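Hi,

Have it open while you read, and start wherever you like.

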Amino acid sequence: MARAIHWERNEDPVGIWEHRGKVVLAGAGHSKNTDRRWDGVSMDRTLGAYVIEAARAAMDDAGISPEDVDGIVTSAGGQPAHMSLGSQWGPLRPFFDAPYDSEDGLTYVTAEWIQKQMNLPNVQYTNSHGETVWNLIGLAAQVVGDSRCEVCLVPYPNGNIEGRYHQNPSLEARGGAQWSNPWGWGLSGQGFVFDQYARKYGTNHERMAPFVVQEHANGLLWPYSYYAQHEPGPFTTEDYLNGRWIARDLSIFDCDRPVQAGACYIVTTAERAKDMKQQPVYILDHTESAFTPRSLVQTLDDTESWTDIQAKRSYAGSGLRPEDIDVFAPYDGFAVFTQYFLEAFGWRGVKRGEAHDFYADDITLKGPNPINSGGGNMGTGRMRTVFITDPMEQLQGRAGDRQVDIKAEVAVTIGVLPSNAAALAFSTSPD
Amino acid sequence: MAILLSFDIDGTLELGDPPGGVTIDMVRKAIDMGFIVGSCSDRPLSSQRRMWASLDIEPDFVASKHQLGLVRAQFDDADAYYHMGDRDTDESAAKENDFGFWWHTEAELEPWLELVNSD
């Protein structure tokens, strides 16, 4: 298994990506079902089963056979920092007894497991150490560009199991965590940053409503959305405004709902894609960033500084300008993230402090500013993959009812956290 | 005696996600017996209304989990108030608003029937 390659583009100046326009997204596939969680028993609904289903769909989409695949780049647990799904849920519990005591194929899906289960005979390169889906596509693009493989399967599992996400069973905390953990994992911090934002720019939480409501509406048009499959009714402004606070200035409806699903992409060279079925989506660039707070907790200053650095890095790496971006998909795992990315990238001329004014304007799918046309995590569940699939389909003109009316030739997507992000730039043209 | 019953949905009612042990038949029976019945859940209000409509039940109220106090104010002439659910957030909301509280496993036994029988 390959691991130690320096693939990230995270040191300024990054310069234009050496493989700009020479690597493409050639196919996408999803598991048919998006479940609320795995029940721990049904072997046809494990993350492994869903990844296989998604991989087959992606290969069908691209028009390739198992013999064509020579690389697999995946994020085994779908989590940041290579963590397994099971390690992030609490209370921790054992799964199956030996000899079935491996999580591989259940809540953790390695490239080797996929290769074996799918009988992919020509795989030369495997890497299971990708992180969230933006980093994962960036890693795959880099290894294809570097000729480590030519036709790369890029599965992304993202699951949910019984228990409570990031519930920490520990009774003690050390260092900075002793101050923040009593208020809950991550959540209080995001509420704190939002509160700083609202005070600085004279806005409030209620002004988030148009954005979250629109994301839900968009998500209902994506067939793999949890909500489209299980809760197809509209989400309203009244719903949003009556959400329970998880932390001050962070409502339960600002938090994405963990779900169980698999997705897979085909990344290959522009040359090889000429023989494939779909119109290729050219990858213009990938850039990454990781930061740590200057104090005990993340602040608005940190957040704006980090996203500014990432945005400048992305523009420098792709050669794009804000006005070049047609389709923009900034992450919303907490809905409050999106405004920081939006303002940093300056899409549609939005400056610091202006996101809520932007949300109050026309952000509908058929309007001039269809941000997160796929619905984001708020509208689809915590899969994250709509941030790749929707821009891809928009550029290919096959987004169906979600197809935006504006020109869709260049897309930028970014996630996962302001503190740990990767940005991808896509185009209908290699130039 | 007017008694208000507030049902959490997920993990409590049989059609919740995950399903709980309180059946819709139990809810219908409570309504027929004259209890004031509604839902108090983290589900969006519109989702709660759709759920009741799909059952052809007109609840007396729907509310978010943190809004039990508003429910109490809306029905301030009731003689007793009970909420039932499967999470510590349910228990906290009940205590904060001076509701009696039954865990979902207790609610499966229809403890409200005892209130009537002992009346």
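Let's start with Tyr331(A), which is buried at a relative accessible area of 2% (buried is under 20%, exposed over 50% and partly exposed in between, with a 1.4 Å probe and protein chains only). Before you go on: this is a predicted model, so local features need pLDDT of at least 70 and side-chain atom pairs count only at pLDDT 80 or more, while totals for chains, interfaces and linings use all residues; side-chain values rest on heavy atoms, with hydrogens and water left out. Residues are numbered from 1 along each chain as its sequence is written, chains are lettered from A and ligands numbered from 1 in the order in which they are written.

Rings

Over all chains there are 24 aromatic pairs (Phe, Tyr or Trp rings, the six-membered one for Trp, with centres within 6.5 Å; planes under 30 degrees apart are stacked, over 60 edge-to-face, the rest tilted). One of them joins Tyr331(A) to Phe387(A): it is edge-to-face, with 5.4 Å from centre to centre and 65° between the planes. Tyr331(A) sits in the loop between strand E11 (327–330) and helix H11 (337–345) of chain A, and Phe387(A) in helix H14 (residues 386–396) of chain A, so the pair ties together parts that are 56 residues apart in sequence. (Helices are DSSP runs of H or I with at least four residues, strands runs of E with at least two, numbered from the N terminus.) Phe387(A) is buried as well, at 1%.

There is also a ring cluster, in which pairs link Phe211(A), Tyr315(A), Phe328(A), Phe345(A), Trp347(A), Phe358(A) and Tyr359(A).

Cores

How many residues does the largest nonpolar core have? It has 91, and those with the most contacts inside it are Leu25(A), Trp134(A), Ile137(A), Tyr265(A), Val267(A), Ile283(A) and Leu342(A). (A core is a set of buried Ala, Val, Leu, Ile, Met, Phe, Trp, Tyr and Cys residues joined through side-chain atoms within 4.5 Å.) Helix H3 (residues 133–145) of chain A gives the largest share of this core, nine residues. Apart from it lies another core, of 32 residues, including Val24(A), Ala55(A), Ile114(A) and Ile266(A).

Leaving out residues up to four places away in sequence, Val267(A) touches Val23(A), Val24(A), Leu25(A), Ala140(A), Ala141(A), Val144(A), Glu150(A), Val151(A), Cys152(A), Val154(A) and Ile283(A) (contact means heavy atoms within 4.5 Å).

Ala76(A) is another one to click on. It lies in the loop between strand E2 (71–73) and strand E3 (89–90) of chain A and counts as buried at 2%. From Ala76(A) to Pro157(A) it is 81 residues in sequence and 7.0 Å in space, C-alpha to C-alpha.

Cavities

The search turned up two cavities of 30 Å³ or more in the whole structure (sets of points on a 1 Å grid over the protein atoms alone where a 1.4 Å probe fits but cannot get out, lining residues having an atom within 4 Å of a point).

Backbone

Most residues other than glycine have a negative phi, and most peptide bonds are trans. Now for the exceptions I noted. The bond from Gly415(A) to Val416(A) is cis, with omega near 20°, and Val416(A) is in strand E12 (residues 410–417) of chain A. Asp17(B) and Pro18(B) are also joined by a cis peptide bond, with omega about 5°; Pro18(B) is in the loop between strand E1 (3–7) and helix H1 (24–32) of chain B.

As for phi, Ser147(A) has a positive value near 65°; it lies in the loop between H3 and E5 of chain A and is exposed at 64%. Asp56(B) has a positive phi near 60°, is in the loop between helix H2 (45–54) and strand E3 (61–64) of chain B, and counts as exposed at 70%.

Cheers

Definitions and conventions:
On a 1 Å grid over the protein atoms alone, a cavity is a set of points where a 1.4 Å probe fits but cannot get out, and a pocket is an open set with protein on both sides within 12 Å along at least five of seven lines; lining residues have an atom within 4 Å of a point. Grid points are joined across faces, edges and corners, and a volume is the space filled by probe spheres set on the points.
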